[in-house]
Amino acid sequence: MGPRALPPGLVIDPSLPSDVISELRATPHLLRMARMGRRIERTYSPTLPLAVLGFMVVLWFATGGPGPMVISIVVALFMAGRWASVDAANRSARRRLKLAYDHAAHYVLPEDLDHPCQMLLRRAQDAVEVILSSRVNRAGFIDTINNQVTLPEEVWQIAQRLVNLSRMHAEHSHLVPHDVPSGMEEAFKPYTSALDAAWTSLSKRVRQLERYAKQVQQADRVFHAHQRLEALIARTPEYQALIADTLRDDLARRHIKELADQAAGARKLFEESIARARQTAGELLRSPLS
C-alpha cells in the first residue's frame, strides 16, 4: 500500500461533538481562512436602504410629484430584501468561521504538513479506509477493538504528531546552515537525530496500520470465498446423492467424506484469517500513540 499522489484528507479530532465535526467538515474553505487569519467582512450596510429612501423623499419635495416617492419605496424595499438575504448568508458564514477559529487546534489541513508528512498521513488514511470499508469489519468479525472509534482516533494522533514534525522540519531547515563548519557537525547531529527518530517512529506506526489493512483484505477475500462455499455446502446432500448414484461404492465413500470435510475446513481457514487480523490489531494497540 504505497503512498498516493493525492494529498491527505482533512482530519478532525474525533472527540469533538458530532454536530461540530459535521459543520467543520462541510466548510473546508472556512477552515483554511481561519488558518490564514482571514475574516468575513459585512458587505451590505443595513442603513443603505434607509439612506436611499431619505434621498428619494428629498427628491419628492424638490420636484413636488408623487412619482419619485413611489419609486423610492419600491427601491428601498427591494434593497432591504436583498440586504437581508445576503446578510443572512454572511451571518451563517461568519458563525462557521468563528467555529473554525474556536476549534483551530482540533483539525489538520493538508497544507499544515510538509510533503513527506502529507504522504505518510495519506497512507494512514488509506489503510484505515480499507479496514473500515471491508466486509469482515461491517459484518462485525474483526471489530473486537471498536474500529469505528479506535482507528479515527489513531489517525488523529498521527496527524497531530505530523503537524509538529513538519513545523520542526521547517525550523530545523531554517536554523541549520547548509555548509556546517568543519568540527561542528557533531553539535548539530543530536537535533537531526531527534527528527529522524520521530519520523521513524511514525513511519513504523503507519506500517503497522498498513499491515492490519492487508490482513483485513486477506480476511475479506477468504470471507468472500467462504460465503460461496457455504452456498455449496448447503447443497452437500444433493452432491452426495449424485456421487452415490454414479460412482462405485469405494469411490463414492471417499468423495462423500471429502464433501463432509469441506465445511469444517472452510470454516477453519476463515477463522484463522480473522484471528490473524485481530492479532495484528492487538499488536497495534498495545503501544498507543495517545
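Ground rules. Residues are numbered from 1 along each chain as its sequence is written, and side-chain values use heavy atoms, with hydrogens and water left out. Since the model is predicted, local features need pLDDT of at least 70 and side-chain atom pairs pLDDT 80 or more, while totals for chains, interfaces and linings use all residues.

Start with helix 1, residues 18-26. Helices here are DSSP runs of H or I, at least four residues; strands are runs of E, at least two; both are numbered from the N terminus. Val20, Ile21 and Leu24 are buried. Buried is under 20% relative accessible area, exposed over 50%, partly exposed in between, with a 1.4 Å probe and protein chains only. Ser18, Asp19 and Ala26 sit on the other side of helix 1, exposed.

Next, salt bridges. The cut-off is a side-chain nitrogen of Lys or Arg within 4 Å of a carboxyl oxygen of Asp or Glu. The whole structure has 9.

Take Glu210 and Arg123: their closest N and O atoms are 2.9 Å apart. Glu210 is in helix 8 (residues 185-233) and Arg123 in helix 5 (residues 115-133), so this pair ties together parts 87 residues apart in sequence. Both Glu210 and Arg123 are buried.

Glu154 and Arg205 also pair, at 2.4 Å, N to O. Glu154 belongs to helix 7 (residues 147-175) and Arg205 to helix 8, so parts 51 residues apart in sequence are tied together. Glu154 and Arg205 are both buried. Elsewhere, shared partners join Glu23, Arg95 and Arg96 into one salt-bridge network.

Now pockets. On a 1 Å grid over the protein atoms alone, a pocket is an open set of points where a 1.4 Å probe fits, with protein on both sides within 12 Å along at least five of seven lines; lining residues have an atom within 4 Å of a point. Volume is the space filled by probe spheres set on the points, which are joined across faces, edges and corners.

The largest pocket is about 380 Å³. It has 18 lining residues, and Leu10, Gln125, Val128, Glu129 and Val155 are the closest to its centre. Which helix gives the most to this lining? Helix 5, with 7 residues.

The second largest pocket is about 270 Å³. Its lining holds 14 residues; Met168, Glu171, His172, Tyr191 and Leu195 lie nearest the centre. Helix 7 and helix 8 each give two or more residues to that lining. Helix 7 gives the most, with 7 residues.
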